[in-house]
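Hi everyone, thanks for coming. Let me walk you through a structure that may be new to you.

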Amino acid sequence: MLDQNALDELFDVLARYVRMRDRAAHRTFRTPDGDVESAAFKCLFHLARQPMRARELAESLHAEPSSVSRYVAELVDLGFVRREADPADGRATLLVITDIGRERVAAMRAVRRHAMDRAMTDWTDDELRTLVRLLGRFVDAAEPLFAPSGDKPGSLEDLMKGRA
(Lines give C-alpha, C1' and ligand atoms only; values in the text may rest on other atoms or scores of the structure.)
Protein backbone atom coordinates (compact mmCIF):
# COMPACT_ATOMS: atom_id res chain seq x y z
CA MET A 1 0.00 0.00 0.00
CA LEU A 2 1.29 3.46 -0.89
CA ASP A 3 2.21 6.07 1.71
CA GLN A 4 -1.20 7.48 2.73
CA ASN A 5 0.25 10.85 3.76
CA ALA A 6 1.91 11.20 0.36
CA LEU A 7 -1.43 10.42 -1.32
CA ASP A 8 -3.10 13.16 0.76
CA GLU A 9 -0.31 15.55 -0.26
CA LEU A 10 -0.91 14.61 -3.90
CA PHE A 11 -4.58 15.58 -3.60
CA ASP A 12 -3.62 18.86 -1.92
CA VAL A 13 -1.18 19.70 -4.72
CA LEU A 14 -3.69 18.71 -7.41
CA ALA A 15 -6.38 20.87 -5.77
CA ARG A 16 -3.98 23.85 -5.72
CA TYR A 17 -3.18 23.28 -9.39
CA VAL A 18 -6.86 23.08 -10.36
CA ARG A 19 -7.63 26.35 -8.53
CA MET A 20 -4.67 28.03 -10.23
CA ARG A 21 -5.69 26.66 -13.63
CA ASP A 22 -9.29 27.80 -13.16
CA ARG A 23 -8.16 31.34 -12.31
CA ALA A 24 -5.85 31.42 -15.33
CA ALA A 25 -8.55 30.00 -17.61
CA HIS A 26 -10.97 32.70 -16.51
CA ARG A 27 -8.53 35.36 -17.73
CA THR A 28 -7.26 33.49 -20.80
CA PHE A 29 -10.66 32.60 -22.25
CA ARG A 30 -12.08 36.12 -22.23
CA THR A 31 -13.15 37.63 -25.54
CA PRO A 32 -14.28 41.18 -26.36
CA ASP A 33 -17.83 39.85 -25.91
CA GLY A 34 -17.12 38.47 -22.43
CA ASP A 35 -16.04 35.19 -20.92
CA VAL A 36 -16.23 31.90 -22.79
CA GLU A 37 -16.43 28.64 -20.88
CA SER A 38 -13.04 26.97 -20.66
CA ALA A 39 -14.71 23.73 -21.80
CA ALA A 40 -15.62 25.44 -25.08
CA PHE A 41 -11.98 26.26 -25.67
CA LYS A 42 -11.03 22.66 -24.93
CA CYS A 43 -13.18 21.80 -27.95
CA LEU A 44 -11.18 24.29 -29.97
CA PHE A 45 -7.87 22.64 -29.06
CA HIS A 46 -9.21 19.24 -30.17
CA LEU A 47 -10.51 20.67 -33.44
CA ALA A 48 -7.12 22.30 -34.07
CA ARG A 49 -5.77 18.76 -34.48
CA GLN A 50 -8.40 17.70 -37.02
CA PRO A 51 -12.00 18.32 -38.08
CA MET A 52 -14.49 15.92 -36.52
CA ARG A 53 -18.15 15.24 -36.02
CA ALA A 54 -19.80 16.47 -32.83
CA ARG A 55 -20.15 12.92 -31.51
CA GLU A 56 -16.43 12.29 -32.05
CA LEU A 57 -15.59 15.55 -30.33
CA ALA A 58 -17.72 14.61 -27.33
CA GLU A 59 -15.97 11.23 -27.13
CA SER A 60 -12.50 12.80 -27.36
CA LEU A 61 -13.41 15.21 -24.55
CA HIS A 62 -15.16 12.52 -22.46
CA ALA A 63 -18.13 14.90 -22.35
CA GLU A 64 -21.87 14.73 -22.81
CA PRO A 65 -22.95 15.42 -26.41
CA SER A 66 -25.49 18.02 -25.25
CA SER A 67 -22.75 19.98 -23.47
CA VAL A 68 -20.46 19.78 -26.48
CA SER A 69 -23.29 20.99 -28.70
CA ARG A 70 -23.65 24.09 -26.52
CA TYR A 71 -19.88 24.73 -26.58
CA VAL A 72 -19.72 24.32 -30.35
CA ALA A 73 -22.61 26.75 -30.83
CA GLU A 74 -20.70 29.32 -28.81
CA LEU A 75 -17.51 28.75 -30.84
CA VAL A 76 -19.46 29.03 -34.11
CA ASP A 77 -21.03 32.30 -32.92
CA LEU A 78 -17.55 33.64 -32.15
CA GLY A 79 -16.29 32.62 -35.60
CA PHE A 80 -13.75 30.11 -34.22
CA VAL A 81 -15.47 27.05 -35.73
CA ARG A 82 -17.66 26.42 -38.76
CA ARG A 83 -19.86 23.50 -39.74
CA GLU A 84 -19.25 21.77 -43.09
CA ALA A 85 -20.77 18.80 -44.85
CA ASP A 86 -18.72 15.66 -44.25
CA PRO A 87 -17.23 14.66 -47.64
CA ALA A 88 -17.39 10.99 -46.57
CA ASP A 89 -21.11 11.27 -45.74
CA GLY A 90 -22.99 14.32 -46.98
CA ARG A 91 -25.72 13.76 -44.38
CA ALA A 92 -23.21 14.33 -41.55
CA THR A 93 -21.61 17.57 -40.42
CA LEU A 94 -17.96 18.15 -39.63
CA LEU A 95 -16.77 20.77 -37.18
CA VAL A 96 -13.83 22.65 -38.65
CA ILE A 97 -11.65 25.23 -36.92
CA THR A 98 -11.45 28.55 -38.77
CA ASP A 99 -8.33 30.65 -39.32
CA ILE A 100 -9.48 32.92 -36.48
CA GLY A 101 -9.88 29.83 -34.28
CA ARG A 102 -6.37 28.64 -35.17
CA GLU A 103 -5.00 32.08 -34.32
CA ARG A 104 -6.76 31.95 -30.95
CA VAL A 105 -5.36 28.48 -30.21
CA ALA A 106 -1.85 29.63 -31.16
CA ALA A 107 -2.18 32.69 -28.93
CA MET A 108 -3.43 30.64 -25.97
CA ARG A 109 -0.65 28.09 -26.43
CA ALA A 110 1.91 30.91 -26.50
CA VAL A 111 0.52 32.34 -23.25
CA ARG A 112 0.56 28.93 -21.56
CA ARG A 113 4.08 28.13 -22.75
CA HIS A 114 5.37 31.52 -21.65
CA ALA A 115 3.77 31.17 -18.21
CA MET A 116 5.11 27.64 -17.69
CA ASP A 117 8.55 28.66 -18.95
CA ARG A 118 8.61 31.45 -16.34
CA ALA A 119 7.29 29.18 -13.59
CA MET A 120 9.84 26.47 -14.36
CA THR A 121 12.95 28.56 -15.03
CA ASP A 122 15.05 26.44 -12.70
CA TRP A 123 13.86 23.11 -14.17
CA THR A 124 15.86 21.11 -16.67
CA ASP A 125 14.34 19.63 -19.82
CA ASP A 126 14.86 16.17 -18.27
CA GLU A 127 12.89 17.19 -15.16
CA LEU A 128 10.08 18.52 -17.33
CA ARG A 129 9.98 15.29 -19.37
CA THR A 130 9.92 13.27 -16.12
CA LEU A 131 6.98 15.30 -14.83
CA VAL A 132 5.11 14.81 -18.12
CA ARG A 133 5.82 11.06 -18.10
CA LEU A 134 4.79 10.55 -14.46
CA LEU A 135 1.74 12.79 -14.67
CA GLY A 136 0.64 10.97 -17.84
CA ARG A 137 1.11 7.63 -16.09
CA PHE A 138 -0.95 8.87 -13.13
CA VAL A 139 -3.77 10.18 -15.35
CA ASP A 140 -3.84 6.95 -17.38
CA ALA A 141 -4.19 4.93 -14.16
CA ALA A 142 -6.70 7.24 -12.45
CA GLU A 143 -8.95 8.09 -15.41
CA PRO A 144 -10.85 4.76 -15.45
CA LEU A 145 -11.76 5.27 -11.79
CA PHE A 146 -13.66 8.44 -12.67
CA ALA A 147 -15.63 6.94 -15.57
CA PRO A 148 -19.34 6.50 -14.89
CA SER A 149 -19.89 3.13 -13.21
CA GLY A 150 -21.84 1.84 -16.21
CA ASP A 151 -18.83 2.42 -18.45
CA LYS A 152 -16.22 0.31 -16.71
CA PRO A 153 -16.16 -1.93 -13.67
CA GLY A 154 -13.93 -0.66 -10.87
CA SER A 155 -14.99 2.98 -11.10
CA LEU A 156 -14.72 5.28 -8.11
CA GLU A 157 -18.49 4.92 -7.67
CA ASP A 158 -18.09 1.13 -7.53
CA LEU A 159 -15.24 1.46 -5.01
CA MET A 160 -17.34 3.69 -2.77
CA LYS A 161 -20.19 1.16 -2.86
CA GLY A 162 -17.83 -1.72 -2.11
CA ARG A 163 -18.31 -3.37 -5.52
CA ALA A 164 -14.71 -3.32 -6.69
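Let's start with a hairpin: two residues connect strand S3 to strand S4. Before going on, a word on the model: it is predicted, so local features need pLDDT of at least 70 and side-chain atom pairs pLDDT 80 or more, while totals for chains, interfaces and linings use all residues. Residues are numbered from 1 along each chain as its sequence is written, and side-chain values use heavy atoms, leaving out hydrogens and water.

Back to our strands, which like helices are DSSP runs numbered from the N terminus (helices H or I, at least four residues; strands E, at least two). S3 and S4 (residues 89-97) pair in the antiparallel sense over six bridges; pairing takes at least two DSSP bridges. Asp86 has Asp89 in S4 as its bridge partner.

Now, how many aromatic pairs does a search of the whole structure find? The search gives one aromatic pair. Phe41 and Phe80 sit 5.9 Å apart, centre to centre, with 45 degrees between the planes, which makes the pair tilted. For the cut-offs, the ring centres of Phe, Tyr or Trp (its six-membered ring) must lie within 6.5 Å; under 30 degrees is stacked, over 60 edge-to-face, and the rest tilted. Phe41 belongs to helix H2 (residues 38-49), and Phe80 to the loop between helix H4 (65-78) and strand S3 (81-86), 39 residues apart. Are these two buried or exposed? Both Phe41 and Phe80 are buried, meaning under 20% relative accessible area; exposed is over 50%, and partly exposed lies in between (1.4 Å probe, protein chains only).
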